[in-house]
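Try each task before you read the solution under it.

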Amino acid sequence: MIASTSQTPSLGDPGGTSIAQLKTQGWLAPVWNEQLKGSAMAANGTSTGKIGLALGGGAARGWAHIGVLRALDAAGIRPDIIAGTSIGAVVGGCYAAGHLDQLEYFARELTVRRVFGYLDFNFAGTGLISGQRLGERLEAHLKDLRIEELNRRFTAVATEIGTGHEVWLSRGSLVTAMRASYALPGIFRPVKVEGRWLFDGALVNPIPVTVCRALGARYVIAVNLNNDTCARGTVMPHLDHFPSMPEEDTEAADAAEQSNSQNGGRTRNAMRRLLQRQMFGKGDDSPGISTVMVDAFNIVQDRIARSRLAGDPPDAMISPRIGGVGLFDFHRADELIKAGEAAAKREIDDLTHEIEARRHHQQLAQPVA
């Protein structure tokens, strides 16, 4: 099931949100209003102080979400509502499904070579990477799991191609929702859900605080993976599969590749060199295709996140210090998980105090029967 938004809503305090207001604001498609009716009722006063967790996008930096969840869980802070964008949807979905251990094991075993093994390049489609291998790995652990059957309420955020609508995936296949949410434009192939082509939700809502608010959360914790970066991105510049080539040999290699192409028999080595230069640059500090695309996307995501958080700030923010990690450094899971855990532990005392204070206030405010 999909909930769609056509604007950039700012719900503010969910206590004043109603179905009628959501309709008049124009950002909920009418067909989905009944789906969120229960959430709006909770937001109108029947909520029991639910905790929401908004997990932001950030590609490889998303492994830090695992550390954040470990620290929160150890402190007894367990979110009732989880909203995730991009890699945040992957980690949040696995947590809601009870498969965080398997995801952490997968992340920690990744090496540069293994990361590259999951990148099934597809030059004839709508993305450089088809994502089939990653999808199969997710299916192996999460097959047949549906979002509405999870123990915790979970929503993944995606963007609709063509309209730019913000799409909330709150029902249906968990794996499909994850794949749609992390389908980085131009890198991963978009995903078709109920007749609509979807890609990365970070283009419209990089840190989905508003989703948690709309679903009834009274206290929202956001995890921002890009707080200490400004459009910093790398795309695995030191791949074992791509031996470096002296700069003076590039022209000769280009000529050889062109000749091989004309003869209809491009060699494997020539193909590898061509792919290296096109994807990762030529070694003269000029960026490759992927670097340009990822950096541009990161700039847009950063600006949108700042705007959205200014309009509807979370009650608490956890910001791991991972500015030196590139967006495709998936092989650095150990340090990312530690950074996420450390960031959460820095906020634990404040979080615990705030949550307990609000719960105490709600108990005092309850009418005496």
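**Exercise 1.** Work out whether D144 is buried or exposed, and say what stands out about its phi.

Step 1: D144 has 66% relative accessibility, so it counts as exposed (buried is under 20% relative accessible area, exposed over 50%, partly exposed in between, with a 1.4 Å probe and protein chains only). Step 2: this is a predicted model, where local features need pLDDT of at least 70 and side-chain atom pairs count only at pLDDT 80 or more, while totals for chains, interfaces and linings use all residues. Residues are numbered from 1 along each chain as its sequence is written, and side-chain values use heavy atoms, leaving out hydrogens and water. Step 3: look up the location, and you land in the loop between helix 7 (132-142) and strand 4 (153-160). Helices (H or I, at least four residues) and strands (E, at least two) are DSSP runs, numbered from the N terminus. Step 4: check the backbone. D144 isn't a glycine, yet its phi is positive, about 70°. Most residues other than glycine have a negative phi.

**Exercise 2.** Find the loop that holds A59 and give its phi.

Step 1: A59 sits in the loop between strand 2 (51-55) and helix 3 (63-74). Step 2: its phi is positive at about 55°, although A59 is not a glycine.

**Exercise 3.** Sort residues of helix 5 into buried and exposed ones.

Step 1: helix 5 spans residues 100-108, and its buried residues are L100, L103, E104, F106 and A107. Step 2: these cover an arc of only 160° around the axis, so they lie on the same side of helix 5; the arc is that of the directions from the helix axis to the C-beta atoms. Step 3: the general rule is that an α-helix has 3.6 residues a turn, so residues three or four places apart point the same way.

**Exercise 4.** Describe the surroundings of A344.

Step 1: A344 belongs to helix 13 (residues 333-365). Step 2: its relative accessible area is 0%, so A344 is buried. Step 3: skip the neighbours within four places in sequence, and A344 is in contact with V68, A71 and I318 (contact means heavy atoms within 4.5 Å). A344 and A64 are 280 residues apart along the chain, but their C-alpha atoms are separated by 9.9 Å.
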